[in-house]
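Here are some exercises to work through with the model open in your viewer. Have a go at each task before you read its solution.

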Amino acid sequence: MAQSVHDLRESDTGIHPLLARRFSPYRFDRSAVVDDRALELLLEAARWAPSAGNSQPWGFFTGRHGEPEHDRVLPYLAPSSASWAKEASLLIVTLTRRYVEDSQVVYSEFADYDLGQAVAHMTVQAQAMGLAAHQFRAFDLEGLATELNPDPGWAIVSMVAVGKAADGPSALRDRRSVAHLRSAPWSLVGDGDTDLVASGPG
């Protein structure tokens, strides 16, 4: 029996199946529901991410189909993301706290990095729950910031669409090789000359 794309990726890489099977769908099942417990688990996964000095400089605005929070976010999606993100069961706006009060550090150079780790944890948790997550930045940042009006020091960074994938991963997606990851910062070779490996969709 032929191996699936997922099986091939796992056997080739040896990484955990949750990571090997992860992909970012462009189609979501609109009928699927992310219930209160699932939402709590996604945020709980983000809560336990590591951060510089345990500062935990992340925050999230969530909206599900039928909720007023969802309606507040939808108008600010760019056409390229609205075509698929509006079908996701859950939209999450991610924020980071870059300015630190009551500290000698006025501006945190780690805040965005730490937020990324929290969202990565959330993405893997979604995969473990049979959901899929697609992170994106195609939205009106200024308009959404005006709409949500976060407290001073907080900044919107990205959005995440979460739900049940309505399509599967594509057969191929190019990934730079492990060797390239180690050599790229010191290599003079352009991107067009780098080694690429097929590892599945992203």
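Two residues are in contact when they have heavy atoms within 4.5 Å of each other. Keep in mind that this is a predicted model.

**Exercise 1. Get the overall layout**

Work out which elements the chain has, and how far along the sequence its contacts reach.

Solution. Start with the tally: the protein chain has eight helices and six strands. Next, read them off from the N terminus, which gives α-α-α-β-α-α-β-α-β-α-β-β-α-β. Now take the contacts between residues at least 6 apart in sequence: 74% of them join residues at least 24 apart. Finally, check burial: of the 202 residues in the protein chain, 36% are buried.

**Exercise 2. Describe a helix pair**

Find out how H3 and H6 pack, and which residues meet there.

Solution. First locate the two helices: H3 covers residues 36-47 and H6 covers residues 111-128. Their axes lie 7 Å apart, at an angle of about 140 degrees. Angles over 145 degrees would count as roughly antiparallel, and 65 to 115 as roughly perpendicular. The pair is therefore oblique, and the crossing is right-handed.

Then pick out the side that each helix brings to the contact. H3 supplies Leu41, Leu42, Leu43, Ala45 and Ala46, while H6 supplies Ala118, His121, Met122, Gln125 and Ala126. Sort these residues by type and you get eight nonpolar, two polar and no charged.

**Exercise 3. Sort out some salt bridges**

How many salt bridges does the structure hold, and where do the partners of three of them lie or how accessible are they?

Solution. The total is seven. Take three of them one by one.

- *Arg37 and Glu40.* The closest N and O atoms of this pair are 3.4 Å apart. Both residues lie in helix H3, three residues apart, or about one turn of the helix. Arg37 is partly exposed at 49% relative accessibility, and Glu40 is partly exposed too, at 45%.
- *Arg64 and Glu67.* Here the closest N and O atoms are 3.0 Å apart. Arg64 is buried at 13% relative accessibility, whereas Glu67, at 21%, is partly exposed.
- *Arg98 and Asp112.* The N to O distance is 2.9 Å.

Methods. Residues numbered from 1 in each chain as written. Predicted model: local features only at pLDDT ≥ 70, side-chain atom pairs only at ≥ 80, totals over all residues. Heavy atoms only, no water. Axes fitted to C-alpha atoms, helices over the stretch in contact; angles between N-to-C directions. Helix = DSSP H or I, 4+ residues; strand = E, 2+ residues; numbered from the N terminus. Parallel < 35°, antiparallel > 145°, perpendicular 65-115°, else oblique. Left-handed = near helix turned anticlockwise from the far one by under 90°. Nonpolar A, V, L, I, M, F, W, Y, C, P; charged D, E, K, R; others polar. Salt bridge = Lys/Arg side-chain N within 4 Å of Asp/Glu carboxyl O. Buried < 20%, exposed > 50% of the residue type's maximum accessible area, 1.4 Å probe, protein only.
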